[in-house]
Amino acid sequence: MVKKGLLAIAVVVLLVILGTGVLIGAQFAGGTADTPTQTTDSQSDDGGGSSTATATAGNSTTPTPTPEANGTTTPTETATPQQESIPAREFNEQNVSNYVRQFLNEEREAAGVPPFESGLQTEADLNEMAKGHSEQMAIEGKAIHKIDGVSSEDRYENAGLYDRCTFKSAEGDYIEQPDRNRFEAVEKTVAGQTYEEGGEERFHATDKEVARKIVDDWMAWPDYRERLTLRNANIVGIGVEITDTGNVYVTANICG
């Protein structure tokens, strides 16, 4: 009996020893599992702080994508498409001339004076003279009255229009004569090409737009406005020249 009791005690002691060893081993194993390890990404030398670097393990290094408000896509600003150029051949000089005449008559009506008459031989002579001067301005590359020493007065004389176009003032107390550019208006613009004027980009795509710009410029200049709306000026000749590069030169000559 005594031997059996001693054997039982020995077994219990052995079990206690074994249980203690297992507990200690588990504690050591648990300490090793809790130790953090660094990933190879966190030590990468691939970009030296590049904005395209991938995120590494951790709580603060992973970028969070920002969602669009209300799930909608934010519109991106796009550049305003530039006007396409239009070949000069697409513009018609006679159409521009007709529109210029139309707009001038509208301005005269607004000023309370009669429109210019049409269909007269004097008008045809004025058109020819004005056209010739516009051609000369195109050669010079600028809108001017006097070219190669020939003035507006000289052109009226040479065309036999000086005396024919002289007329009395609306008040009747003096004679209007084509001296000192009194009967002439000149202007230049651009057709079918973008150009800058007054710090703004401009573009004229049609004959009508070209003519409107010409007349607007004349009306913006008091001297031209006054002479083109003279009450007793009954006839106007218009000459338009459009170059291959789209430069437009226009001359208007009035007559009583």
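**View A. Thr-243 is a buried residue, with a relative accessible area of 16% (buried means under 20%, exposed over 50%, partly exposed in between, with a 1.4 Å probe and protein chains only).** The model is predicted: local features need pLDDT of at least 70, side-chain atom pairs count only at pLDDT 80 or more, and totals for chains, interfaces and linings use all residues. Residues are numbered from 1 along each chain as its sequence is written, and side-chain values use heavy atoms, with hydrogens and water left out. Thr-243 sits in the loop that runs between β6 and β7 (strands are DSSP runs of E of at least two residues, helices runs of H or I of at least four, both numbered from the N terminus). When residues up to four places away in sequence are not counted, Thr-243 touches Ala-88, Ala-138 and Tyr-249 (contact means heavy atoms within 4.5 Å). The side chain of Thr-243 is also joined to that of Thr-245 by a polar contact of 3.0 Å (a pair of N or O atoms within 3.5 Å; within protein, one must be able to donate a hydrogen and the other to accept it, and residues adjacent in sequence count only if both atoms are side-chain atoms).

**View B. An open sheet is built from 3 strands in the order β3-β7-β6, with antiparallel pairing (two strands pair if DSSP finds at least two bridges between them).** The edges are β3 (184-190) and β6 (235-242); each has a single partner strand, so one side of each has no neighbour in the sheet. Direction ignored, neighbouring strands of this sheet are turned by 15° against each other on average. Strand β7 covers residues 247-255 and pairs with β6 over 8 bridges in the antiparallel sense. Within this pairing, Val-248 of β7 is the bridge partner of Ile-242. Helix α3 (residues 121-140) packs on the sheet and touches β3, β6 and β7; the directions of α3 and β6 make an angle of about 30° (axes are lines fitted to C-alpha atoms, for helices over the stretch in contact, and angles run from 0 to 180 degrees between N-to-C directions).

**View C. Thr-189 is found in strand β3.** Is Thr-189 buried or exposed? With a relative accessible area of 4%, Thr-189 is buried. Leaving aside neighbours within four places in sequence, Thr-189 is in contact with Tyr-195, His-204, Val-210, Lys-213, Ile-214, Gly-246, Asn-247 and Val-248. With His-204 there is a polar contact between the two side chains, at 3.5 Å. Val-250 is 61 residues from Thr-189 in sequence, and the C-alpha atoms of the two are 8.6 Å apart in space.

**View D. Helix α6 spans residues 207-220, which is 14 residues.** From its first C-alpha to its last, α6 reaches 20 Å, close to the 20 Å expected at 1.5 Å a residue (the expected span is 1.5 Å times one less than the number of residues). Asp-207, Val-210, Ala-211, Lys-213, Ile-214, Val-215, Trp-218 and Met-219 are buried in α6. These buried residues pack against α2 (93-110), β3, β4 (195-197), β5 (200-202), α7 (222-228) and β7.

**View E. Helix α2 has 18 residues, and its end C-alpha atoms are 26 Å apart.** At the start of α2, a side-chain oxygen of Asn-92 comes to within 2.9 Å of the backbone nitrogen of Gln-94. The buried residues of α2 are Val-96, Ser-97, Val-100, Arg-101, Phe-103, Leu-104, Asn-105, Glu-107 and Arg-108. Their cover includes α3, α6, α7 and β6. Just after α2, Gly-112 has a positive phi of about 80°.

**View F. Tyr-156, Phe-167 and Phe-183 form one aromatic cluster.** The whole structure holds 4 aromatic pairs (rings of Phe, Tyr and Trp, for Trp its six-membered ring, pair if their centres lie within 6.5 Å; planes under 30 degrees apart count as stacked, over 60 as edge-to-face and the rest as tilted). One of them is the edge-to-face pair of Tyr-156 and Phe-183, with 5.9 Å centre to centre and 75° between the planes. Tyr-156 belongs to helix α4 (residues 152-158) and Phe-183 to the loop between β2 (175-176) and β3, so this pair ties together parts 27 residues apart in sequence. Tyr-156 counts as buried at 0% relative accessibility, and Phe-183 counts as buried at 1%. Phe-167 and Phe-183 form a stacked pair, 5.3 Å centre to centre and with 20° between the planes. Because Phe-167 lies in strand β1 (residues 167-168) and Phe-183 in the loop between β2 and β3, the pair ties together parts 16 residues apart in sequence. Phe-167 is buried too, with a relative accessible area of 8%.
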